[in-house]
Amino acid sequence: MSKKPIILGIESSCDETAASIITENEQGSPVILSNIVSSQVDIHKKFGGVVPELAARAHIDKIDWIVQSAIDESGLKIEEIDAVASTAGPGLIVCLSVGLSFGKSFASALNIPFISVNHLEGHALSPKLNSNLDYPYLLLLISGGHSQYLSVENIGVYKRLGTTIDDALGEAFDKTAKLLGIEFPGGPKIEVLAKKGDSNKYKFPKPIFNKGGCNLSFAGLKTAILKVSQNIKNEQDKFDIAASFQKTILDIMYKKTKNAFKEYEKNKRKLSDRKLIVAGGVAANKEIRSMLKELCNQNNYKSIFPPVELCSDNAAMIAMVGLEKFKMKKFNHLDYPAKPRWQLDENAAFLKGAGVKL
Ligand code: KG4
Ligand code: ZN
C-alpha cells in the first residue's frame with residue numbers, strides 16, 4: 001500500500017479563516033480528514049459589508065488555532081503533513097497575505113513543499129471532494145465575491161464563459177437586504193421575505209439581458225431598488241420589493257444560464273458532459289435551485305448542487321487543488337506573491353469597471 005499524500009489547505013481570501021487536511025483513499029478519491037471554517041460575520045455585520053482591515057486582523061488572531069484545530073481533528077501529527085496549499089488570490093490583499101505567509105512559514109519550518117492556489121480553482125474542483133465527477137463540466141459559481149460560468153475541461157484547464165462585470169450575485173442580494181434594513185449578509189433573509197410578497201409589484205431592470213452572452217451585471221438593480229426603498233410605508237412594501245427583486249434575479253439567471261449552455265456546447269459535448277454544478281453561498285436559495293433544476297431538465301443537463309459546506313468558502317477545496325498539484329509535483333517558491341486580481345482563465349479579458357465592452 002503506497003503512502004497517500006496528506007495536504008494542509010489554508011484559506012483567508014475574504015472573511016472566512018479556514019484550514020483543512022485532506023488525503024485520498026486507495027481508489028484515488030479525496031478524503032476530508034478535517035475542515036474548519038471560522039466566519040467573521042459578527043465582526044462585519046454592523047458595517048453592512050466586509051471591512052478589509054478588520055478582516056485581516058481577525059485572520060491574524062485566528063489562523064494559529066484554526067490550523068491547529070484542523071491538525072487535531074485530523075488525528076494526525078504535524079510531521080505527517082506532506083505539503084501546504086494556501087490561497088494566493090483573488091481576494092483582498094491584506095487578507096490573502098495572512099494565510100499565504102502562514103502557509104509559507106509552515107512549509108519552510110517543516111521543510112515540505114508549498115503550493116499556491118487560485119481560490120476560483122478551489123471552487124472549480126470543490127464538487128470532486130464528495131463525488132466521482134468526470135471532466136468536463138459546466139460550473140456556475142454564485143457567491144458573495146464571485147459570479148462566473150466556467151467550463152472545467154480538466155485539471156488546470158478552465159475557460160471562463162461569463163462573469164459579472166460589476167457586483168457578484170450574493171452582493172446584489174446583500175445590498176438589496178441592506179436597503180430594506182436587514183443586517184449583513186441579508187441574502188438568506190431576502191428569500192424568506194420574498195415568500196410573503198407580490199413578485200409582480202415592481203419592475204426592476206435586467207442589465208445586459210439581451211447582450212453580453214452569459215456575462216452578468218447586477219449594479220443597475222441596486223440603483224432601482226434604492227429609489228423604491230425610499231417610499232417604503234409598511235412591511236408589505238418590503239416583502240413586495242424582496243419578491244420582485246428575486247423574480248428579476250430568477251429571470252436573469254434563467255436566460256444567462258441558457259446562454260452559458262450554448263457557450264459550453266461550442267466545444268463538441270457528449271450527453272455525459274452535460275452537467276451543471278452550482279457552487280457558492282447563493283446556491284442555497286431554494287427558488288434559484290428549483291429554477292436551475294428545471295432549466296437543466298428541459299435542456300438534458302444533469303444539475304448537481306454540492307453540500308453548502310463544500311461549495312461556500314472553505315479550505316478543503318484549497319487542499320483539493322493542493323492534492324492535485326502535489327501529485328503533478330507542481331510546487332511554488334516561497335516568494336510567490338499574493339495576487340488580488342488573479343484570473344483563473346488567464347486568456348479571459350478583465351471585465352470590471354466603467355467602459356467595459358461586451
Ligand atoms: O460562498 P459564500 O458562503 O461566501 C462568500 O462569498 O464569502 O456566499 C455568501 C453569499 C452572501 O452574499 C449571502 O447573502 C448569499 O451567499 N446567500 C444567499 C442565500 N444564502 C446565502 N443569497 C440568496 N439566498 C440565499 N438563501
Ligand atoms: Zn469563494
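**Exercise 1. Find which atom of ligand 1 a polar side-chain atom of Glu 191 approaches, then describe the site around the ligand.**

Step 1. Start at Glu 191: one of its polar side-chain atoms sits 2.7 Å from a nitrogen atom of ligand 1, a polar contact (a pair of N or O atoms within 3.5 Å). This is a predicted model, where local features need pLDDT of at least 70, side-chain atom pairs count only at pLDDT 80 or more, and totals for chains, interfaces and linings use all residues. Residues are numbered from 1 along each chain as its sequence is written, chains are lettered from A and ligands numbered from 1 in the order in which they are written, and side-chain values use heavy atoms, with hydrogens and water left out.

Step 2. Move on to Asp 174, whose polar side-chain atom is 2.6 Å from an oxygen atom of ligand 1.

Step 3. Check the cover. Ligand 1 alone exposes 550 Å², and the protein buries 86% of that (Shrake-Rupley method, 1.4 Å probe).

**Exercise 2. Work out why strand β2 is largely enclosed.**

Step 1. Look at burial: nine of the nine residues of β2 (residues 16-24) are buried, so the strand is largely enclosed by the rest of the structure. Buried means under 20% relative accessible area (1.4 Å probe, protein chains only); strands are DSSP E runs of at least two residues.

Step 2. Now the neighbours: β2 runs antiparallel to β1 (residues 7-11), with five bridges, and pairs with β3 (residues 30-39) in the antiparallel sense over nine bridges. Pairing takes at least two DSSP bridges.

Definitions and conventions: A polar contact is a pair of N or O atoms within 3.5 Å; within protein, one must be able to donate a hydrogen and the other to accept it, and residues adjacent in sequence count only if both atoms are side-chain atoms. Buried means under 20% relative accessible area, exposed over 50%, partly exposed in between (1.4 Å probe, protein chains only). Helices (H or I, at least four residues) and strands (E, at least two) are DSSP runs, numbered from the N terminus.
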